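Here are a few notes to read alongside the structure. Have the 3D view open and find each residue as you go.

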Amino acid sequence: MEFKEAVKTALENEKKGREMYVEFAARAKNAVTKKTFEFLSDEELRHVDKISEIAEGLDSENADVPDLQAATIEKMKEIFGVSVKEFNKKAKIDSSDVEAHELAMDFEEKSYEFYKELSEKASDKKIKKFFDALMKEEENHYEFIEKACNFIKNPEEFYSEEEGWLLEG
């Protein structure tokens with residue numbers, strides 16, 4: 001696959017991810033799920049913007065690969081920063097929320113594998129760096145979604161397993 005085609009495919013992949021996360025956020029039954037997918041849809045939009053920048057500069061010999069920044073622990077704490085007692089009072093856990101998380105993890109895993117394949121085939125260092133950055137993003141998203149899923153399934157266990165988090169309630 002040529003780099004231009006790979007970038008186009010990556011762009012379409014990120015757009016599909018954004019659409020999926022917007023839909024999951026709209027259908028979410030609890031606030032944590034909604035916030036998780038709103039955050040992820042914003043992340044996918046950021047990826048679309050960065051990939052579009054690359055696509056626009058592909059014909060330039062001096063095209064640079066913009067850095068992608070991973071989701072931060074602060075954002076995770078903001079989303080998961082609700083007490084167990086508060087969560088249990090407000091949560092409306094539905095199997096569709098758990099299924100949405102599982103579908104999202106599958107999507108991120110497949111995206112990771114796609115970018116890994118492209119990175120391994122890349123001969124240009126900039127191209128390799130770009131796909132490596134996307135791989136890291138997808139890996140971070142997977143872990144983020146997995147934590148969110150664990151949280152909505154069992155907030156007490158989530159807090160007891162996460163270092164540096166205080167168990168309330």
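**Notes on the core and the rings**

1. Start with I51. Skipping its neighbours within four places in sequence, I51 is in contact with V7, A10, L11, E14, F130 and L134. Keep in mind that this is a predicted model.

2. Now zoom out to the largest nonpolar core, which has 17 residues. The members that touch the most others in it are F3, I51, Y115, F130 and F131. Two or more residues come from each of α1 (3–27), α2 (31–56), α5 (95–121) and α6 (125–153).

3. There's also a second, separate core, this one with 13 residues. Among them are F37, F39, F107 and I145.

4. On to the rings: searching the whole structure turns up seven aromatic pairs. Take Y21 and F107: their ring centres are 6.2 Å apart and their planes sit at 90 degrees, so this pair is edge-to-face. Y21 is in helix α1 and F107 in helix α5, so the pair ties together parts 86 residues apart in sequence.

5. Are these two buried or exposed? Y21 has 0% relative accessibility, so Y21 counts as buried. F107 is at 14%, and because the cut-off for buried is under 20%, F107 counts as buried too.

6. F24 belongs to helix α1 and F37 to helix α2, 13 residues apart. Both F24 and F37 are buried.

Terms used:
Residues are numbered from 1 along each chain as its sequence is written. This is a predicted model: local features need pLDDT of at least 70, side-chain atom pairs count only at pLDDT 80 or more; totals for chains, interfaces and linings use all residues. Side-chain values use heavy atoms; hydrogens and water are left out. A nonpolar core is a set of buried Ala, Val, Leu, Ile, Met, Phe, Trp, Tyr and Cys residues joined through side-chain atoms within 4.5 Å. Buried means under 20% relative accessible area, exposed over 50%, partly exposed in between (1.4 Å probe, protein chains only). Helices (H or I, at least four residues) and strands (E, at least two) are DSSP runs, numbered from the N terminus. Contact means heavy atoms within 4.5 Å. Rings of Phe, Tyr and Trp (its six-membered ring) pair if their centres lie within 6.5 Å; planes under 30 degrees apart count as stacked, over 60 as edge-to-face and the rest as tilted.
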